[in-house]
Amino acid sequence: MITVLEVAGARPNYMKVAPIHRAMLNAGGFAPLFVHTGQHYDWEMSQVFMRDLGLPTPDVELGVGSGSHAEQTAQVMLRLEPVLLERRPDVVVVVGDVNSTLGAALAAVKVQVPVAHVEAGLRSFDRTMPEEINRLLTDAMSELLFAPSPDAVANLAAEGIAREKIHLVGNVMIDSLESLFRRAQDSDVLDRLGVKPGEYLVATLHRPSNVDGDASLRLVVDALSMAAASLPVLLVTHPRTRKRLAQAGLSERVASDGVQLLDPLGYLDFLCLMSRAAGVLTDSGGIQEETTVLGVPCLTLRDRTERPITVTEGTNQVVGLDRERIEEAVRRLANGQRLEPRRPALWDGCAAERIVDVLGPRFS
């Protein structure tokens, strides 16, 4: 049996780990161990998502909790190392670009356990983004690099990573979307929120560059308020975003401008809400990918994206916090104008199986 230690710690990780876990069980010959770091530790951000995605109860809970980037990364290393020494897995699978990803990769290579990175090679080329540092370092340490798109493969090759380590497998997040899309359509979330299909916008914001500074947060609120003048905006709030809005004295203004603040939603509810929206305003990388496959227009409130394929082949438009660009884009959405997207190659719901097909021969 191949012992695979899967690490997840934040909401975007769960959608990537779930199909890999399921594919290993279906393939046989694998003994997956699910480690939850606890980077997202409240009910809405963790257990609800794990339940919706069919993830098992974690075999190990590290209980890292909140903290600075350094604190979270260090705590993951400190708490994961004894698990690695006790369980001695054949490989550690890390996903995405959060602090749990980097901390787990560092802990593994220090005790000479190979690392496989799922979603390798994505680059924004903006090193002020903490996630960009996590991506670069994790890829540099990994023995196997599972890339979601050709541009990611090219980035890894340009950085001198040996070609035999790189595997183009497609986008594993889309595996979760494809497997649960029909179930999500049974959600009554639109009725609960009092909105109709195609007559509202969904917004999500959590990047430090947008929400940590008062000046940037005010620009974000300006953008949401302007959008709400055309279509109702449902802002699904990350806990830290809600906290920052309150600290900056902007919560009441957001509500008075017609932006409805929502608590975090489970995966099925959010997938239903997003799939029926007129458009999405976000700074999330994963949502750029999901909207591409759903054919839902996406306005990315950042100056750069590490997922350029969602622009060249999908529905994504990178608008930053430029009021004129956002206003023009929202006006088109309100008028029902949409791009004709193309689904990227290998974003077909089978990426996890391709990952398992590589892991099996490599570690058997």
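1. Strand β4. From β4, V91, V93 and V95 point one way and V92 and V94 the other way, and all of them are buried. Here buried means under 20% relative accessible area, exposed means over 50%, and partly exposed lies in between (1.4 Å probe, protein chains only). Strands and helices are DSSP runs numbered from the N terminus (E, at least two residues, for strands; H or I, at least four, for helices).

2. Basis of the note. The structure is a predicted model, in which local features need pLDDT of at least 70 and side-chain atom pairs count only at pLDDT 80 or more, while totals for chains, interfaces and linings use all residues. Residues are numbered from 1 along each chain as its sequence is written, and side-chain values use heavy atoms, with hydrogens and water left out.

3. Partners of β4. Two strands are taken as paired if DSSP finds at least two bridges between them. Strand β1 (residues 2-8) runs parallel to β4 and is joined to it by 4 bridges; V4 stands opposite V91 in β4. Strand β5 (residues 115-118) also runs parallel to β4, again with 4 bridges, and H117 in β5 is the bridge partner of V94.

4. The open sheet. A sheet of 6 strands has the order β10-β9-β8-β11-β12-β13, and its pairing is parallel. Its edge strands, β10 (259-262) and β13 (316-318), each pair on one side only. From one strand to the next the twist averages 20°; axes are lines fitted to C-alpha atoms (for helices, over the stretch in contact), and angles run from 0 to 180 degrees between N-to-C directions. Within this order, β11 (residues 279-282) and β12 (residues 298-300) pair in the parallel sense over 3 bridges. V280 stands opposite C298 in β12.

5. Cysteines. How many disulfides does a search of the whole structure find? The search finds 0, a disulfide being a pair of cysteine sulfur atoms within 2.5 Å. For C298, the closest cysteine sulfur is in C272, 18 Å away, and therefore too far for a bond. C298 counts as buried, at 1% relative accessibility, whereas C350 is partly exposed, with a relative accessible area of 34%.

6. Cavities. Rolling a probe the size of a water molecule over the atoms shows where empty space is left. On a 1 Å grid over the protein atoms alone, a cavity is a set of points where a 1.4 Å probe fits but cannot get out; a pocket is an open set with protein on both sides within 12 Å along at least five of seven lines; and lining residues have an atom within 4 Å of a point. Grid points are joined across faces, edges and corners, and a volume is the space filled by probe spheres set on the points. The structure holds 2 cavities of 30 Å³ or more. The largest has about 40 Å³ of space, and its lining includes V118, E119, F146 and N171. That lining divides into 6 nonpolar, 2 polar and 1 charged residues. For these classes, Ala, Val, Leu, Ile, Met, Phe, Trp, Tyr, Cys and Pro count as nonpolar, Asp, Glu, Lys and Arg as charged, and the others, Gly among them, as polar.

7. The second largest cavity. This cavity also has about 40 Å³ of space. Among the residues that line it are L205, V211, L217, T241 and V254. Two or more lining residues come from each of α10 (214-228) and α11 (239-247), and α10 gives the largest share, 4 residues. The lining consists of 9 nonpolar residues, 1 polar and no charged.

8. The second largest pocket. Its volume is about 260 Å³. Of the 15 residues that line this pocket, D126, S209, N210, R302 and D303 are the closest to its centre. Helices α5 (130-141) and α9 (208-211) each supply at least two lining residues, with the largest share, 3 residues, coming from α9. The lining of the pocket divides into 5 nonpolar, 4 polar and 6 charged residues.

9. Q112 is not a glycine, yet has a positive phi of about 65°. Q112 lies in the loop between α4 (99-110) and β5 and is exposed, with a relative accessible area of 72%. F125, likewise not a glycine, has a positive phi of about 60°. F125 is found in the loop between β5 and α5 and counts as exposed at 55% relative accessibility.
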